[in-house]
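Please look over the sequence and the 3D view before reading on.

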Amino acid sequence: MRSSVSFQTRARTIDHLGREQIADCPTAISELWKNAYDAYAQKVELHLFDGDISVAALVDDGHGMSRDEFESKWLTIGTESKTSEFEIALDDRNGLQHRAKQGQKGIGRLSSAALGSLLLIVSKRTDHKFVAALIDWRLFENPYLLLQDIRIPITDFELCHNLIDELPNLFDQLMGNVWGDGDDEGRDKRLNEAWKRFEEQESLDGKEKSTKDEIVNTLISDVFSERHFDKWPLWNNDTVQGTAMFMANLNDDLKYQLSKTPIKDADGAEILARDRFFQTLSNFTDPFSKEDEPQSYDFINSVTAWHGKFPKALIDEAREFDIATLESLEHVIEGHVDADGYFKGRVKVFGEWYENYLVKPKVPYKTRRDSAFGEFHIRLGTFELQIGSTSLPDNLHSTYVEQAEKYAGFRVYRDGLRVMPYGRVDSDYFEVEFRRSKHAGRYFWANRRMFGRIAITREGNPNLKDKAGREGFIENKASKLFREIVENILLDVADKHLGTKSPNRKETINDIKEQKEIVKAEADRKTLQTKERKRIRSSIDKNSTALITHVSNIKNIYDTYSQRESLNSLDELQKLKIEIDILIDKTRSYSLTPIPNNLGRLEEDYRAYRKQELQAKEYTNELSFFINKAISEATEKTDTEKAQEAYRSKVASINASITKYASDGKAMLAKQTGEFDSLIKECRERYKATTFEYLEDLKLEKITLNEVLDKLDEDQEKIVIENSQKLSPYVTALTLINEQIDLEGLAIYSMNETMKYRQEINRLHALAQLGITVEIIGHEIEGLDMTISRGVNLIASGELSDRQRQSCDDVIVAQQSLSDKWRFLSPLKLSGDKTSKQISGKDIFSYTNTFFKDHFTTQQINFTATNEFLSLSIWEKPSNIYPVFINLINNSQYWVERNEVTEKQINLDVRDQEVIISDSGPGVDKDDLEQLFTLFFTRKQRGGRGIGLYLCKQNLQAGGHKIRYETLPENKKLLGANFAIEFKGMNNA
């Protein structure tokens with residue numbers, strides 16, 4: 001008998017498509033964030049809450065869903081809403097420009113099952129009711145349930161706070177999937193049989209508590225509360241639409257993010273989970289794109305962990321490593337790859353840019369529509385691993401080494417959003433580490449110190465499709481060619497410029513090493529300066545009392561003999577001469593020369609000590625003169641006999657001095673010979689000790705041969721440099737001594753020559769410390785402000801008396817005022833905003849006018865800007881721009897107030913592609929122009945520290961901009977001071 005039947009779908013299919021399909025927890029979160037992006041959300045937040053039952057809230061301000069859309073789309077797997085033909089209506093785009101769809105298969109929503117077992121989803125579309133559903137994903141783990149037998153409880157309501165009342169009913173309906181509802185006898189029978197069989201299976205598997213019991217024993221009232229709901233902007237009436245997903249019984253990866261254990265003290269599983277979480281989600285949107293390159297638009301994502309009432313930002317919108325940081329690396333590739341595989345762009349090598357750089361494809365590619373890889377953009381940077389080879393300053397190199405631990409990775413972004421898993425430690429899609437294991441020197445690139453990305457688009461690269469579980473691109477011809485092209489670019493740059501095959505690498509590194517030696521010499525100078533100051537302080541403390549006694553003894557002798565008209569005999573004179581010579585030698589032993597120019601706090605003590613030393617020399621000189629004269633006048637012996645006796649006395653004194661130097665020198669040489677032999681032995685053993693562990697691990701098959709060879713190469717380069725730094729100073733010092741060069745005198749002369757620069761650096765360090773202090777306090781205030789704001793708003797939402805209402809309103813106004821002020825000043829912090837953005841002249845004028853508004857009104861200063869200025873546009877960090885205008889306008893208002901003019905004016909204008917800041921003050925004196933931008937120069941009678949113009953110039957130079965003072969009268973806008981700024985890349989449309 002012929003017949004036809006339909007597929008029977010088990011409930012576990014949902015578990016396969018969702019929790020089991022997704023790669024890991026961060027990938028699941030990224031899928032939900034992409035859904036929020038597709039819903040035209042401007043902000044999506046993940047909040048993690050501690051407690052007896054851990055809860056996560058993923059909330060957005062997208063267009064939301066009505067009940068009908070929730071049932072027909074969200075609860076329908078593989079909907080047409082993810083096909084290329086589907087477009088979001090203009091009314092649902094929240095005023096944002098078109099976004100390319102990120103979802104493809106309509107199953108991304110199921111990834112919420114990978115985060116927690118219990119899901120409460122709430123959504124609201126404008127002009128529609130709230131819709132809510134409760135899902136326990138553990139239902140779908142039962143392999144004996146049919147999918148059509150599971151019913152998802154749904155409700156709708158008018159006000160968001162009605163949700164708390166609806167929760168018990170939703171949970172009761174959810175339990176109908178365990179006990180049955182009584183309205184379908186066949187379904188109830190199937191449910192009972194399925195749960196019975198599942199319990200039996202779990203018992204055989206050794207599970208102590210059945211899944212059914214875990215579901216039934218859930219106390220819904222203890223799971224979700226207002227603490228979780230009020231993080232949703234819609235709950236607090238901050239928006240009129242959006243979607244929120246509240247998940248309970250979180251998986252271990254999310255629980256680890258709530259851990260208070262310092263990362264250094266955590267176990268391996270926790271460290272891996274926390275690192276992977278940060279690496280994946282901290283760079284969810286492309287931080288390396290410019291305006292004309294693929295990027296996400298108006299989309300912010302964040303993760304906050306809540307310990308009680310106190311928040312801790314795990315992921316926020318601040319970018320510690322952005323495009324500006326990448327472009328400051330010593331090696332950079334950036335450019336465009338066309339549809340034929342040709343790379344055209346530029347390359348930076350050891351800090352030097354090579355423009356119009358071309359890389360041809362390995363072979364001409366013949367592709368069809370279904371195999372074309374499409375155009376894409378690449379921006380990638382790295383740095384030398386060994387500090388002896390890098391062109392970067394040591395402190396900056398150390399910073400990049402630290403940042404590599406958190407932000408390194410070669411990623412792929414589609415329309416500005418991250419494509420998983422590229423860029424993670426466990427991903428080597430472009431076979432960077434595979435090639436490096438063959439020859440680390442030639443194949444220069446290394447994943448652990450690469451920063452950057454490839455930018456593709458859904459429209460331009462339609463054949464680069466994600467696998468269902470987001471484990472990378474589907475393997476097809478397009479993805480294979482795409483990978484081959486990228487690998488070819490990396491190989492080309494490595495062979496021509498960076499790897500051992502490069503013709504110029506060795507010469508460049510030698511030049512860098514020479515510069516490093518200069519830097520080391522400076523460090524040695526600092527060490528010597530510290531040593532000299534310590535020597536002087538120690539000598540003063542040790543010898544001051546003895547020197548005073550010594551001076552007193554010499555004075556007594558001087559007073560005794562200077563008052564006598566004659567001495568008894570020549571023998572007495574000769575004895576006195578010997579005694580004076582001994583006193584002279586002793587006076588010389590108290591000398592502190594050579595002396596650094598700047599003794600700092602030692603200056604006063606040294607002057608007092610030096611006065612005593614000079615006094616002793618004066619007395620001994622007088623006594624020598626007196627005795628020599630008396631000896632020359634004596635007639636008991638001939639002049640020759642007198643000279644011979646003086647000579648013998650001097651020789652004895654000199655020999656005694658030499659004997660002391662010889663004794664000290666031989667002891668020091670013996671000590672140094674022993675230390676030098678020990679150092680040589682240590683250097684010989686260092687490489688063996690370092691690499692022994694690798695060889696042992698290879699024997700135990702813990703690591704591969706390629707990894708061992710890689711480590712051997714790296715350690716050899718590192719230890720050769722270290723040995724050179726340790727042994728070379730000995731050889732150099734002995735060579736200079738052999739050539740009779742006074743090392744100490746030479747070093748102290750060099751130290752004295754550069755002392756004045758040290759003073760300026762110390763002042764700059766003090767200034768930087770002040771900025772850091774403000775930064776730390778501001779960060780703490782931000783966390784406290786969030787807590788205060790939520791607490792006050794919660795109080796205000798309750799029933800209050802008129803008097804309490806007035807007091808509460810006063811607190812809110814004061815708190816908002818304080819919050820506005822510290823937020824307003826945030827771009828002026830020393831570190832400033834780390835994110836570059838488009839800044840218009842209108843933004844600058846509005847900011848500065850708001851900053852000085854009250855003062856301008858009080859002093860009747862007319863602050864204006866021309867249309868040309870208001871329409872200008874620059875791409876820069878606010879922290880590099882706003883402080884410049886604040887300083888310049890602050891200077892202008894100071895001098896305008898002190899100039900006798902009819903109208904006090906300050907004007908912002910643009911002329912010949914330069915921004916002009918002018919005023920009606922007295923202007924700058926010609927004699928001051930040369931030092932106008934130097935540190936600590938000021939002509940202000942009060943309130944001036946002489947750092948404003950210096951910092952203006954430094955801030956602008958950081959972005960490649962220039963500032964000057966206009967001296968030609970015909971080029972001045974107003975008759976007073978006129979400063980001209982040339983902004984790199986300024987657009988004045």
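**Overview**

The chain holds 26 helices and 22 strands, where helices (H or I, at least four residues) and strands (E, at least two) are DSSP runs numbered from the N terminus. This is a predicted model, in which local features need pLDDT of at least 70 and side-chain atom pairs count only at pLDDT 80 or more, while totals for chains, interfaces and linings use all residues. Residues are numbered from 1 along each chain as its sequence is written, and side-chain values use heavy atoms, with hydrogens and water left out.

**The chain as a whole**

- Of the 989 residues in the chain, 45% are buried; buried means under 20% relative accessible area, exposed over 50%, and partly exposed in between, with a 1.4 Å probe and protein chains only.
- The chain exposes about 53,100 Å², and carbon and sulfur atoms supply 51% of this area. Accessible areas come from the Shrake-Rupley method with a 1.4 Å probe, and for residues only the protein chains shown count as cover.
- Among contacts between residues at least 6 apart in sequence, 72% join residues at least 24 apart. A contact means heavy atoms within 4.5 Å.

- Strands of a sheet pair through backbone hydrogen bonds, either parallel or antiparallel. Two strands count as paired if DSSP finds at least two bridges between them.
- Axes are lines fitted to C-alpha atoms, for helices over the stretch in contact, and angles run from 0 to 180 degrees between N-to-C directions.
- Strand S1 (residues 43-49) pairs with strand S7 (residues 300-307) in the parallel sense over 7 bridges. In this pair, Leu-48 stands opposite Ala-305 in S7.

**Helices H4 and H5**

- Two packed helices are described by the angle between their axes and the distance between the axes.
- Helix H4 (residues 163-179) and helix H5 (residues 185-204) pack at an angle of about 70 degrees, and their axes are 7 Å apart.
- That angle makes H4 roughly perpendicular to H5; under 35 degrees counts as roughly parallel, over 145 as roughly antiparallel, 65 to 115 as roughly perpendicular and the rest as oblique.
- H4 contributes Gly-176, Asn-177, Val-178 and Trp-179 to the contact, and H5 contributes Arg-187, Leu-191, Asn-192 and Trp-195.
- By class, this contact has 4 nonpolar, 3 polar and 1 charged residues. Ala, Val, Leu, Ile, Met, Phe, Trp, Tyr, Cys and Pro count as nonpolar, Asp, Glu, Lys and Arg as charged, and the others, Gly among them, as polar.

**The sheet of 7 strands**

- A further open sheet has the strand order S11-S10-S9-S12-S15-S13-S14, with 7 strands and mixed pairing.
- S11 (352-359) and S14 are its edge strands, each pairing on one side only.
- Strand S9 (residues 331-337) and strand S12 (residues 376-382) pair in the antiparallel sense over 7 bridges. The bridge partner of Val-332 in S12 is Gly-381.
- Helix H12 (residues 394-407) packs on the sheet, where H12 touches S13 and S15. The direction of H12 makes about 45 degrees with that of S15.

- In strand S13 (residues 409-414), 6 of 6 residues are buried.
- Gly-409, Arg-411 and Tyr-413 point one way from S13, whereas Phe-410, Val-412 and Arg-414 point the other way.
- S13 pairs with strand S15 (residues 450-456) in the parallel sense over 6 bridges, and Phe-410 has Gly-452 in S15 as its bridge partner.
- S13 pairs with strand S14 (residues 417-418) in the antiparallel sense over 2 bridges, and Arg-414 has Leu-417 in S14 as its bridge partner.
- The hairpin of S13 and S14 has 2 residues between the strands, and Asp-415 in this hairpin takes a positive phi near 50 degrees.

**Two buried helix residues**

- Ile-631 lies in helix H17 (residues 603-633) and counts as buried at 10% relative accessibility.
- Ile-631 and Glu-572 are 59 residues apart along the chain, and their C-alpha atoms are separated by 9.9 Å.
- Asp-697 lies in helix H18 (residues 639-699) and is buried, with a relative accessible area of 16%.
- Asp-697 and Val-708 are 11 residues apart in sequence and 8.9 Å apart in space, C-alpha to C-alpha.
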